[in-house]
Amino acid sequence: MNASRRPASAPRMSSVLSSAFAEVPVIASIIGPQRLQNFLGASAQVCILASIPVGQLPNIVQLLGRANKTVFVNVDSCPGLAQDKGALEFLRAMGAHGMVSTRLSLMEKGRPLGLLTMQKVFVTDRSNMRRSTDAIARGGPDLVEIMPSPIVARMTPEAKRAMSPFVAAGFVETAEDAAAALALGAVAVATSDPRLWDLRRDRLGATAPPPPPASSAP
């Protein structure tokens with residue numbers, strides 16, 4: 001499939017995410033529970049929970065929800081969490097706002113449940129990029145997480161459009177890394193470094209354009 005052929009019906013970024021990224025275009029990648037307190041005190045409003053045992057997820061998701069944070073759960077990496085519709089229903093019931101996975105089947109199951117969906121893609125070569133854009137066109141996720149971040153500079157404009165709106169992740173280690181990804185079209189960056197969770201758009205200067213308009217959906 002040609003990278004430019006993502007369907008016109010593919011979702012625009014939700015108002016929740018557009019508002020969250022307007023001032024702080026950063027997603028906190030929280031790997032394990034150790035950094036929860038850092039995130040609770042950070043300016044970033046969106047997080048991805050990863051490598052957290054399923055038994056701990058409900059309390060953590062509810063804690064973050066009470067702090068008005070938007071919570072995605074990486075379905076692929078949390079021990080004990082199945083990779084099926086039942087797991088997504090479990091996430092929705094506990095108050096998670098969204099889910100992250102590499103699996104197309106989960107993208108297709110998450111949206112009808114009212115979950116925000118983020119499809120993770122690892123771009124390693126041109127053939128992999130073609131497969132990824134085809135899967136994204138079929139899944140229609142709310143966000144695409146592109147890894148590693150430096151590959152965005154090597155992507156064609158058509159590929160970036162096909163994967164939009166996208167988040168750059170992996171090797172985002174400095175404010176300059178974040179600014180570079182935003183300048184290349186990312187709506188946000190994802191990083192596990194708490195020092196970047198307070199990175200405001202106005203500190204990144206003219207290289208960090210505002211996020212795209214939101215859809216009418218919440």
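## Confidence of the model

The mean pLDDT of the chain is 90, and 88% of its residues reach 70 or more; pLDDT is the predictor's confidence in each residue, from 0 to 100. Over residues 1-11 the pLDDT is below 50, although this stretch has 24 contacts in the model beyond near neighbours in sequence. A contact means heavy atoms within 4.5 Å.

This is a predicted model, in which local features need pLDDT of at least 70 and side-chain atom pairs count only at pLDDT 80 or more, while totals for chains, interfaces and linings use all residues. Residues are numbered from 1 along each chain as its sequence is written, and side-chain values use heavy atoms, with hydrogens and water left out.

## The chain as a whole

The chain contains 8 helices and 8 strands. These are DSSP runs numbered from the N terminus, with helices (H or I) of at least four residues and strands (E) of at least two. Of the 218 residues in the chain, 50% are buried; buried means under 20% relative accessible area, exposed over 50%, and partly exposed in between (1.4 Å probe, protein chains only).

The chain exposes about 9700 Å², and carbon and sulfur atoms supply 52% of this area. Accessible areas come from the Shrake-Rupley method with a 1.4 Å probe, and for residues only the protein chains shown count as cover. Among contacts with a separation of 6 or more, 58% are between residues 24 or more positions apart.

## Parallel strands and their crossovers

Two strands pair if DSSP finds at least two bridges between them. Strand β4 (residues 98-101) runs parallel to β5, and 4 bridges join them; Gly 98 stands opposite Leu 116 in β5. Strand β5 (residues 116-122) pairs in turn with β6 in the parallel sense over 5 bridges. In β6, Lys 120 has Glu 145 as its bridge partner, and Phe 122 has Met 147.

One is made by β4, helix α5 (residues 104-110) and β5; another by β5, helix α6 (residues 126-139) and β6; and another by β6, helix α7 (residues 157-162) and β7. A crossover is right-handed if, with the strands pointing away from the viewer, the path from the first strand over the helix to the second runs clockwise.

Strand β6 (residues 143-147) is largely enclosed by the rest of the structure, because 5 of its 5 residues are buried. In a regular strand the side chains alternate between the two faces of the sheet. Both faces of β6 are covered: Leu 143, Glu 145 and Met 147 are buried on one side, and Val 144 and Ile 146 on the other. Strand β5 has 6 of its 7 residues buried, so it too is largely enclosed by the rest of the structure.

## Ser 101 in strand β4

Ser 101 lies in β4 and counts as buried because its relative accessibility is 1%. Its side chain makes a polar contact with the side chain of Asp 76 (2.8 Å). A polar contact is a pair of N or O atoms within 3.5 Å; within protein, one must be able to donate a hydrogen and the other to accept it, and residues adjacent in sequence count only if both atoms are side-chain atoms.

Leaving aside neighbours within four places in sequence, Ser 101 is in contact with Asp 76, Leu 106, Met 107, Met 118, Gln 119 and Lys 120.
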